[in-house]
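Reader: I would like to learn how to read the features of a model such as this one with some care. Could we go through them one at a time, with the general idea before the case?

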Amino acid sequence: MGEVVQMHFTTVDYVIFVLLLVASAGIGLFYAFSGGRQRTTQEFLMADRSMSCLPVSLSLLATFQSAVAILGAPSEVYTFGTQYWFLGCSYFLGLLIPAHVFIPVFYRLRLSSAYEYLELRFNKTVRICGTVTFIFQMVIYMGVVLYAPALALNAVTGFDLWGAVLAMGLVCTLYTALGGLKAVIWTDVFQTVVMFAGQLAVIVVGASQAGGITEVWRKATNGSRIAGLDLNPDPLERHTFWTLGVGGVFLMLALYGVNQAQVQRYLSSRTEKEAVMSCYVVFPCQQIVLCLGCMMGLVMFARYGEDSPLDKGYVKTNDQMVLYFVMDVFRDLPGLPGLFVACLFSGALSTISSAFNSLATVTMEDLIKPHFPNMTEARATLLSKGLALVYGLVCLAMAYIASIMGSVLQAAFSIFGMVGGPLLGLFCLGMFFPWANSIGAVIGLVAGLAMAFWIGIGSFVMRMSGSTPVPPLNTTDLPLLENMTTTVMTTLLSATTAKPRPTGVEALYSLSYMWYSAHNSATVVVVGLIVSLLTGPMKEKELTPGTVFPVLGTLLFFLPERYREKLCCITPLAQKPTEISSQPYKMAKKDRNGAAYCKEDTVTEDKEAESDKAQTEDEDMETRIAQPSCQLAAHTVQETAL
């Protein structure tokens, strides 16, 4: 192929890229000026709880299929083979558990923010700890997810670096701040279609140039890239069936179970059943995405064999290699490189728009509303839009910081990953262990974060000081589809050079990144339970009804009733609302003195009075129907207390 030649875009490619941005902005503006025109926080942040199953599921998929994933999966398979494919096994439990455990609890409590749950289950301190941790995690991640693909694109094609970053950042901020969650979900649907189209085009054209799919498979088999089932139980091995299939479950739970960006989509569903269905629909879509990534890696191998563009010095990092391959395949096909870049930036847009919206929601619901309970609906909505705008600008600032940091980009990704596990642990502690108290929750979270940073930074330092240099921003080393939850840097050479097995602290630092989530969440649960038992566990009657999932009661069914009561194992899950689910239903909540009272979970009395004017007579009728369920719920709580 001769010397490295920077491949350039044609006018057609730029037109396709611009069309993507225009279409995304158009969808946002459409929802800003139609329907309820985003006049209430309920509509702006929760899409009026009116979304159906399909857009929600595609949005769930798009949120975590970021640009880094689109570039990362093929280079992972090209370098190490198809072992990564077994990650698909973790999707079964990783989506079933959120569907049947987390969604029912969150949905029936009628929350707006996942962290509201922490206050209902523990107290305000735990809620604020959770919220601050999430904001820290997302802000660091946003800038990197915007900057990394633009950097790779610039290196391979000379595409203007800051032009791409600013165009994406501003368009995304525009449609998120104007159109609210509805716009975010529908642009995600559009961007998912573009992502599928871009990846399919590369696979079809690449495979036909390599001599067909059978030829691709033959070359991959000969090059020993088709991996068998590796049942090695060693947790230090980077990818085995156990690290991917079991460790991956915890990683999926941190994503699809408790991450605010995803929980918000479940809660925007019309009914609980639709929220559960959206989880089921994501499952085959996730498998397709995984297959596309792996197929692209195999087509790359069929084209270059062992002689990669990376070795020849055409490109400097793995994520650039995928872009080089795309430009190479589409060399004589104007328009198609533009389609792939649109696909790449769709990944980035869908991820950062969800980040803006979820950040605006948690800031509003968890940090601002509790301090200003009498804020009018109009002002609250305006403030939410302002927050989405501010976070958009913060994202651009973070992208700029990422450009200065250079090789510290990897550390930024891993900081994101370090936080997902402990947050999962915090929610599991509250949901499955009725005797866990708020002191245990806070100390558990701190212990989990300390453990996560210790391992993450330790392994980073160990690799930096080791004999193998870490290449700057190597996306292969980021978890690919799941790069939002768990990350650690592993050098490419570490897989091929035989090393003595590490011992002691070094073994801890060498833990496979797929186990991070499981290890850190387990730390939170264990420390949280020990501290709770030492400081006085919570009693059954102190619990808010509906905040504990009765998993222990089911597992310990053989114990006599009085022992189960001592272990707090008989709290039932909140009942499904009997009235039309789009109405905020009343939740029975217990006061400090144990008396039950009714709390409208989504609107304060002031807002209720104000919004009543805007509601139709039908809705008033539904609200009146809802009243008995409140009394019934209160009655149930008093019975339970007795």
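Reader: Is Glu43 buried or exposed, and what is its relative accessibility?

Author: Buried means under 20% relative accessible area, exposed means over 50%, and partly exposed lies in between, with a 1.4 Å probe and protein chains only. Glu43 has 3% relative accessibility, and therefore counts as buried. This is a predicted model, in which local features need pLDDT of at least 70 and side-chain atom pairs count only at pLDDT 80 or more, while totals for chains, interfaces and linings use all residues. Residues are numbered from 1 along each chain as its sequence is written, and side-chain values use heavy atoms, with hydrogens and water left out.

Reader: With which residue does Glu43 form a salt bridge?

Author: Side chains of opposite charge can pair when their charged atoms come close. A salt bridge is taken here as a side-chain nitrogen of Lys or Arg within 4 Å of a carboxyl oxygen of Asp or Glu. Glu43 forms one with Lys182, the closest N and O atoms being 3.7 Å apart. This pair links distant parts of the chain, since Lys182 belongs to helix α8 and Glu43 to helix α2 (residues 41-46), 139 residues apart. Helices are DSSP runs (H or I, at least four residues), as strands are (E, at least two), and both are numbered from the N terminus. Lys182 also counts as buried, because its relative accessibility is 14%.

Reader: How many salt bridges does the structure hold?

Author: The structure holds 13 salt bridges. Among them is the one between Asp188 and Arg265, whose closest N and O atoms are 3.3 Å apart. This pair too links distant parts of the chain, with Asp188 in helix α8 and Arg265 in helix α11 (residues 260-267), 77 residues apart. Both Asp188 and Arg265 are buried.

Reader: What are the accessibilities of Asp328 and Arg331?

Author: Asp328 and Arg331 form a salt bridge, with the closest N and O atoms 3.3 Å apart. Asp328 is buried because its relative accessibility is 5%, whereas Arg331, with a relative accessible area of 53%, is exposed. Elsewhere, salt bridges that share partners join Glu119, Lys124, Arg127 and Asp366 into one network.

Reader: Which residues form the nonpolar patch on the surface?

Author: Patches are made of residues with over 30% relative accessible area and no salt bridge, where like charges are joined within 9 Å and nonpolar side chains (Val, Leu, Ile, Met, Phe, Trp, Tyr) within 5 Å. Accessible areas come from the Shrake-Rupley method with a 1.4 Å probe, and for residues only the protein chains shown count as cover. In this model Trp162, Leu166, Leu170, Leu389, Leu393, Tyr400, Ile401, Ile404 and Met405 form a nonpolar patch with about 840 Å² of accessible area together. The elements giving two or more residues to the patch are α8 (161-210) and α15 (377-405), and the largest share, six residues, comes from α15. Leu166, in helix α8, counts as partly exposed because its relative accessibility is 41%.

Reader: How many disulfides does the structure hold?

Author: A disulfide is a pair of cysteine sulfur atoms within 2.5 Å, and the structure holds zero of them. Cys279 is in no disulfide, and the nearest cysteine sulfur, that of Cys53, is 9.8 Å away. For Cys294, also in no disulfide, the nearest cysteine sulfur is that of Cys291, 6.7 Å away. Cys279 is buried at 1% relative accessibility, and Cys294 is buried with a relative accessible area of 0%.

Reader: With which side chain does the side chain of Asn520 make a polar contact?

Author: A polar contact is a pair of N or O atoms within 3.5 Å; within protein, one must be able to donate a hydrogen and the other to accept it, and residues adjacent in sequence count only if both atoms are side-chain atoms. The side chain of Asn520 makes such a contact with the side chain of His519 (3.4 Å). Asn520 is found in helix α19 (residues 516-535) and counts as buried, at 2% relative accessibility. Leaving aside its neighbours within four places in sequence, Asn520 is in contact (heavy atoms within 4.5 Å) with Met418, Gly421, Pro422, Gly448, Met451 and Ala452.
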